[in-house]
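Student: Hi! Could we go through this structure together, a piece at a time?
Tutor: Happy to. Here it is.
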Amino acid sequence: MKFNFSHIFSCTLLCLANAITAQVDSINTSEPEADWAKDLLRAHNYWSKPIPDRSEITNTKDWKWEFIGPDVQPAELNPGGKAIPAYSAGRGNGTGRINYIYIHPTKQERLWACSPTGGLWYTKNGGAKWLTGGTDKLPISGASSVAVNLKKPKQWVVSIGDGDDQFMFSNGIWRTYNNGKTYENINGTNPSTALPFGKNDDTGYISEVVCSPANFNVLFTATSKGFWMCADASKKAEKKWKRIAEGNFYDIEIIDRNDPELDIIIAAGEKFLISYDGAMNWEQLTVPVIENADQYKFLRLSVEYSPAMPNFVYVGITNSERWESSPQGEAELYLLDLKTKDWKFVRSLRDDMCNLIHTRARGFGVSPTDPNLIMVGNVQPLYRSTDGGLSFSKIEKNQMHDDCHHIAFAPNGTTVWATHDGGVSVSYDSGLTFKPMDNGIGAANVFGVSTAQTKETQVIYGGYDVGANMLRNGKWWHVFWGDGFQTITHPEKPEVMFATAQNGQIVGSADGESFEQGKNPNAKTEWHSWIKMHPKVHSTIYCAGAQLKRSNDLGAKWETILDVKKLDNTLANAYKFYLSEDYPNVMYAYIFDEKTRVNPQIWRTKNLLETDPNNIVWEKVGTPHEGWIMNIIVDPASPDRFYVLYNYTETTHKLWYYDGKEYTDVTTNLGSAKCESMVLQRGDNARMYIGSNFGVFTKTKHESEWTLLLGLPGTYISSLDINYTTGKLIVGTFGRGVWQGNLID
């Protein structure tokens with residue numbers, strides 16, 4: 001049953017209606033729909049994220065990898081300049097996205113921070129130094145939440161995956177007794193009582209796991225497949241999980257009444273469940289219907305409790321079109337009376353505010369000592385209320401990185417922690433000012449990485465949420481802000497570099513000391529900006545888009561070398577393109593069709609260096625399969641031969657070889673790995689490296705099988721490059737920053 005409420009703004013809290021309760025039974029929920037054409041980047045990330053099973057790969061080799069970073073906040077390079085304008089200083093530099101933070105209730109200098117793509121970190125000294133939580137060793141490193149044994153803080157349970165933005169599926173819940181040195185999976189082994197996560201046909205998301213304050217072995221978890229409880233997760237017990245309710249759940253709040261049988265437990269998401277007797281009995285409260293509910297049908301609730309107001313909880317209610325929807329939707333703040341079960345409307349969180357949104361629904365917190373002190377965040381700025389949410393003021397000075405995900409008050413009520421797309425920040429003055437506190441967190445979501453051919457390691461990468469970061473002279477620098485993508489490093493002049501942000505924004509440096517804008521080709525590009533330097537003519541760079549552009553003077557002037565509409569009016573744009581070291585006149589372009597945008601075409605030119613762009617001739621080359629093409633490598637033996645890499649999870653149709661006449665599936669033993677990057681090591685015995693969520697595979701054409709080089713975190717490997725001077729393979733990961741390891745030969 002649903003009620004329609006009239007929202008009345010007043011300086012007092014208005015009681016709108018009595019909540020109607022119902023004993024929880026089996027309730028179905030629909031799966032979130034996807035709209036691939038609307039957001040290509042999101043479509044790419046959702047296109048079948050598998051649960052890794054490396055056990056199927058038998059040809060492996062232990063390999064030594066070195067973490068390059070960053071795990072400290074990169075310093076702003078020339079803040080107030082053209083690449084880092086004054087209004088963006090401090091808003092774009094960071095180490096990577098953190099979605100969840102846990103504060104020990106009695107030892108508030110102990111905290112745990114979760115990256116949904118990178119994993120878990122913890123600190124014993126209030127964030128002065130963060131330590132890795134050992135999740136690098138798990139098949140999936142991304143962590144969505146953590147719960148800690150209050151009596152023995154070395155014992156944790158960690159939920160895996162991304163319950164906010166769905167960039168990573170979950171393989172369930174893992175437990176450690178020794179600060180992450182070793183982990184065990186506690187999903188359970190009996191299919192009838194196990195959590196339904198961990199297999200490719202059981203894909204889903206876990207948003208939060210919590211433990212009973214009195215008993216670490218009593219666990220609750222909120223997932224996309226329902227709300228679950230395990231009454232005994234001790235070492236020797238069979239892990240039996242019971243689904244308390246079906247549906248899409250997001251948040252759990254346990255109100256400790258100093259007696260487990262009197263604890264109030266709340267589970268919220270698209271529904272609101274409550275137990276007043278420590279999980280013995282449950283009821284579902286009817287949730288108020290918020291504004292534009294017909295338009296925004298995906299409901300998500302999050303709950304905040306302040307012990308200073310023991311009989312009430314604040315509830316943030318967000319609506320959106322669907323789970324992964326980009327539009328803000330609606331959000332409202334309510335106060336729920338735990339005794340009467342009345343919902344009291346406080347105010348809209350969209351009007352005159354930076355709206356609380358469903359994918360960052362933990363972005364509001366309430367002080368445990370002052371229930372009138374409420375913080376709400378989304379992009380920028382934060383908003384702060386001192387009157388119980390009736391009014392909010394902007395907190396604009398000494399702020400944090402954009403895109404706040406989680407706000408949590410420490411037990412003292414005045415220290416506020418916030419997680420965001422750049423890491424972790426803290427306020428010691430009740431949320432008035434914040435400063436970064438993420439030393440040691442290495443959670444960068446890398447897209448494109450390039451390296452200098454120098455003895456000292458120098459790299460520049462484009463990072464999701466953090467723009468572009470550069471490691472030079474042993475220090476990390478933030479050189480561009482926004483969503484960073486492809487980068488370029490001049491092979492002979494390492495001080496010459498280029499970086500990109502969304503929609504074809506390009507900055508360049510001629511001296512390695514400053515980056516200047518004004519390099520944009522001013523053509524329609526996708527969010528994912530794709531640029532490359534010609535492998536032989538190093539004064540020439542290219543940029544993908546609806547009109548594929550060329551600059552013969554390092555970005556000062558641009559000209560169109562391919563207008564995809566002139567090839568075929570049904571085409572959308574050249575999403576990516578690939579060049580050849582051995583054949584300087586060859587380019588292969590990967591072009592989307594206008595309608596589906598996921599069925600690519602491959603076009604090729606063999607006179608790329610033609611002075612007059614109108615004389616460049618393009619020919620269509622067939623594709624072996626539908627789906628996302630991740631890379632193309634031209635065979636050094638012939639410009640007509642090449643390899644095509646797809647991001648399929650099937651054990652076939654992943655890697656194809658075109659011999660000039662027909663395609664052959666050469667996937668061999670890549671298994672179900674999801675491959676996202678590929679690079680060819682030049683030399684007499686050319687060796688290929690493929691980056692995947694299993695790690696790095698390598699093979700020469702004379703070898704029959706791929707060898708998996710073990711030792712990298714359980715993240716997606718989004719980009720690869722080679723430093724021939726040091727003999728290192730540079731690896732960009734989506735969630736764990738940049739790594740390097742020795743080349744095979």
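Tutor: One term before we start: strands are DSSP runs of E with at least two residues, numbered from the N terminus. Also, keep in mind that this is a predicted model.
Student: Okay, where is Ser 207 found?
Tutor: Ser 207 belongs to strand 14, which covers residues 206-212.
Student: And is Ser 207 buried or exposed?
Tutor: Buried, because its relative accessibility is 3%, and the cut-off for buried is under 20%.
Student: What does the side chain of Ser 207 reach?
Tutor: The backbone oxygen of Gly 163, at 3.4 Å. Beyond four places in sequence, the contacts of Ser 207 include Ser 144, Ala 222, Phe 249 and Arg 362.
Student: Switching topic: which residues touch the most other members in the largest nonpolar core?
Tutor: That core has 55 residues, and the ones touching the most other members are Leu 548, Ile 602, Phe 642, Ile 690 and Phe 697. There is also a second, separate core of 23 residues, with Ala 143, Val 146, Met 168 and Phe 734 among them.
Student: How many bridges join strand 53 to strand 54?
Tutor: There are 6, and the two strands run antiparallel. Gln 681 sits opposite Arg 687 of strand 54.

Notes
Residues are numbered from 1 along each chain as its sequence is written. This is a predicted model: local features need pLDDT of at least 70, side-chain atom pairs count only at pLDDT 80 or more; totals for chains, interfaces and linings use all residues. Side-chain values use heavy atoms; hydrogens and water are left out. Helices (H or I, at least four residues) and strands (E, at least two) are DSSP runs, numbered from the N terminus. Buried means under 20% relative accessible area, exposed over 50%, partly exposed in between (1.4 Å probe, protein chains only). A polar contact is a pair of N or O atoms within 3.5 Å; within protein, one must be able to donate a hydrogen and the other to accept it, and residues adjacent in sequence count only if both atoms are side-chain atoms. Contact means heavy atoms within 4.5 Å. A nonpolar core is a set of buried Ala, Val, Leu, Ile, Met, Phe, Trp, Tyr and Cys residues joined through side-chain atoms within 4.5 Å. Two strands pair if DSSP finds at least two bridges between them.
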